[in-house]
Amino acid sequence: FLPGRTVEVDAKPDSGDEAVNAQIAEGRSALRNLREADAAIEDEAISARLKRMTEAGGKIFDILEKEPSRAGEVRRFMNYYLPTADKLLTQYRELGESGSQGENVRGAMTVVENSLEMIAVAFERQLDSLYRHEAMDIQTDIDVLETMLASDGIRPQSAPAATAPEKNEEEQTHA
């Protein structure tokens, strides 16, 4: 309908849980705002960080749609990280569009620019934490397999023992 324009349409979430569907819809709307900010901002470094955020966020919502019982695991992401990123980018765009090159405007914009890497990492770590259970399940399956092979005397001598994935900082703190 609109030559040369990409129109994004989000399908209505279907997790089977209306409260989670509402969270997903709200979160995807915030991600859409980040993508719009990305399109409006010409800085390549900022654009790269925004792309990382929207990709990680999109994957988080895909997981949540498939597994609504995991909504509690992304509560802080939903209630703080994503809305704060959205708010900061909105303010950044408004400051950029103000036309002012004053010290306060430039300083505020620099603070937002410098925080985007930290926010992108937070989004990626949130996504990674959703795979923690799968990594533990895989390690458990491998441990059981190794034990069975050893008890049956058929574990190849050249096969190295599987090693557990390294714990992230949060897991080490809670351990």
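Predicted model: local features only at pLDDT ≥ 70, side-chain atom pairs only at ≥ 80, totals over all residues.
Which hand does the crossing of α2 and α4 have? The crossing of α2 and α4 is left-handed.

**Overall make-up**

The protein chain contains six helices and zero strands. Along the sequence the elements follow the pattern α-α-α-α-α-α. Of the 175 residues in the protein chain, 29% are buried. Among contacts between residues at least 6 apart in sequence, 67% join residues at least 24 apart.

**The nonpolar core**

The largest nonpolar core has 32 residues. Met53, Phe61, Phe77, Leu82 and Phe123 have the most contacts inside this core. Two or more residues of the core come from each of α1 (18–40), α2 (44–66), α3 (75–97) and α4 (103–129). In soluble globular proteins, nonpolar side chains tend to be buried together.

Phe61 can be followed through its contacts. Leaving aside neighbours within four places in sequence, Phe61 is in contact with Gln23, Ile24, Gly27, Arg28 and Leu31, and also with Phe77, Met78 and Leu82.

**Helix pairs**

| Helix pair | Axis angle | Axis distance |
|---|---|---|
| α2 and α4 | about 25° | 9 Å apart |
| α1 and α3 | roughly 30° | within 10 Å |
| α2 and α3 | roughly 150° | within 13 Å |

α2 and α4 pack at an angle of about 25°. Because angles under 35 degrees count as roughly parallel, α2 is roughly parallel to α4. On the α2 side, the residues that meet α4 are Ile46, Arg49, Arg52, Met53, Ala56, Gly57, Lys59, Ile60 and Ile63. Their counterparts in α4 are Glu113, Leu116, Glu117, Ile119, Ala120, Val121, Phe123, Glu124, Gln126 and Leu127. By class, the contact of α2 with α4 has 11 nonpolar, two polar and six charged residues.

The axes of α1 and α3 cross at roughly 30°, which makes α1 roughly parallel to α3. The crossing of α1 and α3 is left-handed. From α1 the contact draws on Gln23, Gly27, Ala30, Leu31, Asn33, Leu34, Glu36, Ala37 and Ala40, and from α3 on Met78, Leu82, Ala85, Asp86, Leu89 and Arg93. The residues of the contact of α1 with α3 divide into nine nonpolar, three polar and three charged.

For α2 and α3 the axes cross at roughly 150°. Angles over 145 degrees count as roughly antiparallel, so α2 is roughly antiparallel to α3. The crossing of α2 and α3 is left-handed. Ile46, Leu50, Met53, Gly57, Ile60 and Phe61 in α2 meet Phe77, Met78, Leu82, Ala85, Leu89 and Tyr92 in α3. The contact of α2 with α3 has 11 nonpolar residues, one polar residue and no charged residues.

**Two individual residues**

Leu34 lies in helix α1. Is Leu34 buried or exposed? With a relative accessible area of 0%, Leu34 falls under the 20% cut-off and is therefore buried. Not counting residues up to four places away in sequence, Leu34 touches Leu50, Met53, Thr54, Leu82, Ala85, Asp86, Leu89 and Phe123. Leu34 and Lys87 are 53 residues apart along the chain, and their C-alpha atoms are separated by 9.5 Å.

His133 is placed in helix α5 (residues 132–151). Its relative accessibility is 37%, so His133 counts as partly exposed. Which residues does His133 touch, not counting residues up to four places away in sequence? These are Arg70 and Glu73.

How values were computed
Residues numbered from 1 in each chain as written. Heavy atoms only, no water. Core = buried A, V, L, I, M, F, W, Y, C linked by side-chain atoms within 4.5 Å. Buried < 20%, exposed > 50% of the residue type's maximum accessible area, 1.4 Å probe, protein only. Helix = DSSP H or I, 4+ residues; strand = E, 2+ residues; numbered from the N terminus. Contact = heavy atoms within 4.5 Å. Axes fitted to C-alpha atoms, helices over the stretch in contact; angles between N-to-C directions. Parallel < 35°, antiparallel > 145°, perpendicular 65-115°, else oblique. Left-handed = near helix turned anticlockwise from the far one by under 90°. Nonpolar A, V, L, I, M, F, W, Y, C, P; charged D, E, K, R; others polar.
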